[in-house]
Amino acid sequence: CRYNMGEIEHITGAVVRELSGQDPNVRRPLKAGDQSFLGVGLPSMGAYRMLPIDHPERKAVGGCGGGYWWHSPEDTLDKADANILAEDVAVYAAMTARMCAPDVIPYNFVPSANDFIEHLSDLQQAAGSHLDLAGTLALADRYKSAAERLAATPASDAAVRNAMMRKLTHLVNPALFTIDGPYEFDPALQLPVLPGLAPMKQLAGMSPTSDEYQFLLT
């Protein structure tokens, strides 16, 4: 399992396949206490091995690979495995090297553009005629086209390209993953992608003449 923003998922995906021989289960990052930098747009990347679903020690917890002992008094040294730790370190060292070694930051923004298109489309379907996202979806399509051109165009100036891509992550990721943006902390809850627009799913089930509907629509 791996949690990554779209612009870096190809890096971690390649490393996990090469070092583990497994196809990773790609997910977008969740807002939690250890991911407080989503609001400023810093890309998150990680790869986590998980216990099999049918493993007797597997529980619905967020750490230790799903081990029941996570954040409990039973989280003792006997649960650790030096060989697994060494393999995980190799994965993270490889991901770090592939991010840091190139002159140009190896971002690819096409997957994040696809995130906008996919989730905006789902929201539009849920809200129906109550809120029109056609203009926003058109902008998402333009973003994808620009991202494809960027990926296909070699950088003539690495410093300029890097500065531009860093600025882009600071714009795109807060929109995709936060409500309150760079200067406030969102709740440490499992928020959907585009959380600021997620409440529009409620519009279709509300009376258009109600105060609640009008406040939410606004």
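What share of the contacts with a separation of 6 or more comes from residues 24 or more positions apart? I get 63% for the protein. A contact here means heavy atoms within 4.5 Å.

This is a predicted model, so I kept its limits in view: local features need pLDDT of at least 70, side-chain atom pairs count only at pLDDT 80 or more, and totals for chains, interfaces and linings use all residues. Residues are numbered from 1 along each chain as its sequence is written, and side-chain values use heavy atoms, with hydrogens and water left out.

Fold next. I looked up six helices and two strands. These are DSSP runs (H or I, at least four residues, for helices; E, at least two, for strands), numbered from the N terminus. Along the sequence the pattern reads β-α-β-α-α-α-α-α. The C-alpha atoms fill a box of roughly 60 × 50 × 30 Å along the principal axes.

Then burial. Of the 218 residues, 35% are buried. Buried means under 20% relative accessible area, exposed over 50%, and partly exposed in between (1.4 Å probe, protein chains only).

Last, I checked backbone angles. His 71 is not a glycine, yet its phi is positive, about 55 degrees. His 71 sits in the loop between strand E2 (26-27) and helix H2 (82-100). Its relative accessible area is 66%, so His 71 is exposed.

Leu 194 also has a positive phi, near 55 degrees. I place Leu 194 in the loop between helix H5 (158-177) and helix H6 (211-217). Leu 194 is buried, at 6% relative accessibility.
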